[in-house]
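Here are some friendly notes to read alongside the model.

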Amino acid sequence: MKKQSKYSFDDLLEIVARLSAPDGCPWDREQTHQSICSNTIEEAYEVVDAIDKNDKIALIEELGDLLLQSVFHSDIAKRAGNFDMDDVLTVICDKLISRHSHIFGNDKATNAGDSISVWEKNKEKEKGHTSVKAKLESIPKNLPALMRASKVIKKLDNSNDSPQNKPITAIELEAELVTLVRQAVQSGHEPELVLNQAVNKMIDDLT
């Protein structure tokens, strides 16, 4: 394929397929879902970094890199006879339609909070979680520990009458978090590991 001034999504699929062809790029052909996992995570963080910097040019580039990861994983799966990009697109389109039943169905939502409630209701219906524990266990364990803890606690608080702690300002929270991390490091603990263990215990203790 020759260089062009503009490309389409189909062009990207064609380029990736060419790179992974029998006479394509040796490195591309050797990759697996596992071998490019770290690349996928890194590209997602680089998208967030570009957003934080309000850098439009960087955001265009990083979104392209993140899109490439999805296409690359799909190409790996296609070569293994598992699924292809059409399957990925079908699943996400179907999910967007079914989760937005206030747009494509009969549910009602007049504000963002209502929209989230409809999304969560439809999500739980699709996933078939029969307990709070099952819902929490569905949260990926390889999320950053603080992000995972936040998701688990939010779902726990939404499912029962959790005690209300005294509100804390962002500045106070910054100071407490930094202090706790410093104490952990100075005491020879790995904060990420400790917090993940605490979250695991929270979930395991549920009946």
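Which residues in α5 meet which residues in α7?

1. L96, S98 and R99 of α5 meet V118, W119, N122, K123, E126 and K127 of α7, where contact means heavy atoms within 4.5 Å. Before going on, note that this is a predicted model, in which local features need pLDDT of at least 70, side-chain atom pairs count only at pLDDT 80 or more, and totals for chains, interfaces and linings use all residues. Residues are numbered from 1 along each chain as its sequence is written, and side-chain values use heavy atoms, with hydrogens and water left out.

2. Helix names come from DSSP runs numbered from the N terminus (H or I, at least four residues, for helices; E, at least two, for strands). Helix α5 covers residues 85-99 and helix α7 residues 112-127; they pack at about 120 degrees, with axes 9 Å apart. Axes are lines fitted to C-alpha atoms, for helices over the stretch in contact, and angles run from 0 to 180 degrees between N-to-C directions. α5 is therefore oblique to α7 (under 35 degrees is roughly parallel, over 145 roughly antiparallel, 65 to 115 roughly perpendicular, and the rest oblique). Their contact holds three nonpolar, two polar and four charged residues. Here Ala, Val, Leu, Ile, Met, Phe, Trp, Tyr, Cys and Pro count as nonpolar, Asp, Glu, Lys and Arg as charged, and the others, Gly among them, as polar.

3. Now find α3 (residues 37-52), which packs with α4 at about 160 degrees, their axes 8 Å apart. That makes α3 roughly antiparallel to α4. Among the residues in this contact are A44 and V47 of α3 and L59 and L63 of α4. By class, the contact has eight nonpolar, four polar and four charged residues.

4. Helix α4 (residues 56-79) also packs with α1 (residues 9-19), at about 50 degrees and with axes 10 Å apart. α1 and α4 are therefore oblique to each other. F9, L12, L13, V16 and A17 of α1 touch L67, L68, V71, F72 and D75 of α4. Those residues divide into nine nonpolar, no polar and one charged.

5. How many aromatic pairs are there? The count is one, with rings of Phe, Tyr and Trp (its six-membered ring) pairing if their centres lie within 6.5 Å; planes under 30 degrees apart are stacked, over 60 edge-to-face, and the rest tilted. W27 and F72 form a tilted pair, 6.2 Å centre to centre with 50 degrees between the planes. This pair links distant parts of the chain, since W27 lies in α2 (residues 26-30) and F72 in α4, 45 residues apart.
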